[in-house]
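Reader: I am new to this one. Please show me the structure, then let me ask about it.

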Amino acid sequence: MTAAAGVAFASPGHGLPFGEPAKASQATRTVTITMRDNLYEPESLTVKSGEIVRFVLVNKGELLHEFNIGTAAMHAKHQEEMAMMMEHGMLTPTGMNHDMAKMDHSKMGGMNMGDMKHDDPNSVLVEPGKTAELVWKFTKPAELEFACNIPGHYESGMAGLIKFTK
């Protein structure tokens with residue numbers, strides 16, 4: 001999902017109950033989100049059902065950060081996956097271990113780790129000093145947050161509400 005430059009790649013039409021990835025050319029609005037060590041600016045966002053938003057994600061912190069759109073339950077599950085990626089060296093506090101991401105993880109720690117990768121269409125990792133984009137179509141109102149699920153970041157307050165308006 002992420003390229004070395006921090007751009008999220010996802011195929012339109014492969015979505016979640018509340019939305020799906022879209023193309024930048026379809027965006028009706030661009031929102032810049034600045035990531036700092038452990039906060040987002042702005043801290044919340046209002047969207048309309050059907051709106052396509054191009055997120056420009058600027059990491060001005062000294063740590064690796066994630067921008068992930070989901071429900072609180074989705075974030076809780078993803079935090080477990082991110083912790084496993086940190087434990088196995090795929091992620092470091094400041095970046096992604098691209099060589100490690102190419103390895104076969106099917107037997108790591110006696111667990112089935114074959115699917116361990118960061119490629120969800122609603123999420124992108126952004127290394128310090130880098131900028132990334134994620135384009136999302138909000139198809140159905142839901143109780144959503146944007147959050148960083150790197151271990152300790154969500155708990156430190158790195159999450160924001162996404163509110164729907166009519």
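Reader: Which residues touch the most other members of the largest nonpolar core?

Author: This is a predicted model, where local features need pLDDT of at least 70, side-chain atom pairs count only at pLDDT 80 or more, and totals for chains, interfaces and linings use all residues. Residues are numbered from 1 along each chain as its sequence is written, and side-chain values use heavy atoms, without hydrogens and water. A nonpolar core is a set of buried Ala, Val, Leu, Ile, Met, Phe, Trp, Tyr and Cys residues joined through side-chain atoms within 4.5 Å; buried means under 20% relative accessible area with a 1.4 Å probe, protein chains only. Of the 31 residues in this core, the ones asked for are I33, Y40, F55, L57, F67, I69 and F138.

Reader: Which element gives the largest share of this core?

Author: Helices (H or I, at least four residues) and strands (E, at least two) are DSSP runs, numbered from the N terminus. Elements giving two or more residues include α1 (72-87) and β8 (131-138). The largest share is four residues, and it comes from β8.

Reader: Which strand pairs with β4 in the parallel sense?

Author: Two strands pair if DSSP finds at least two bridges between them. Here there are five bridges. T46 has K163 as its bridge partner. The strand is β10 (residues 159-165).

Reader: In β10, what is the bridge partner of L144?

Author: β9 and β10 run antiparallel, joined by four bridges. The partner of L144 in β10 is I162.

Reader: How many helices and strands does the protein have?

Author: From the N terminus on, the order is β-β-β-β-β-β-α-α-β-β-β-β. The secondary structure comes to two helices and 10 strands.

Technical notes. Buried means under 20% relative accessible area, exposed over 50%, partly exposed in between (1.4 Å probe, protein chains only).
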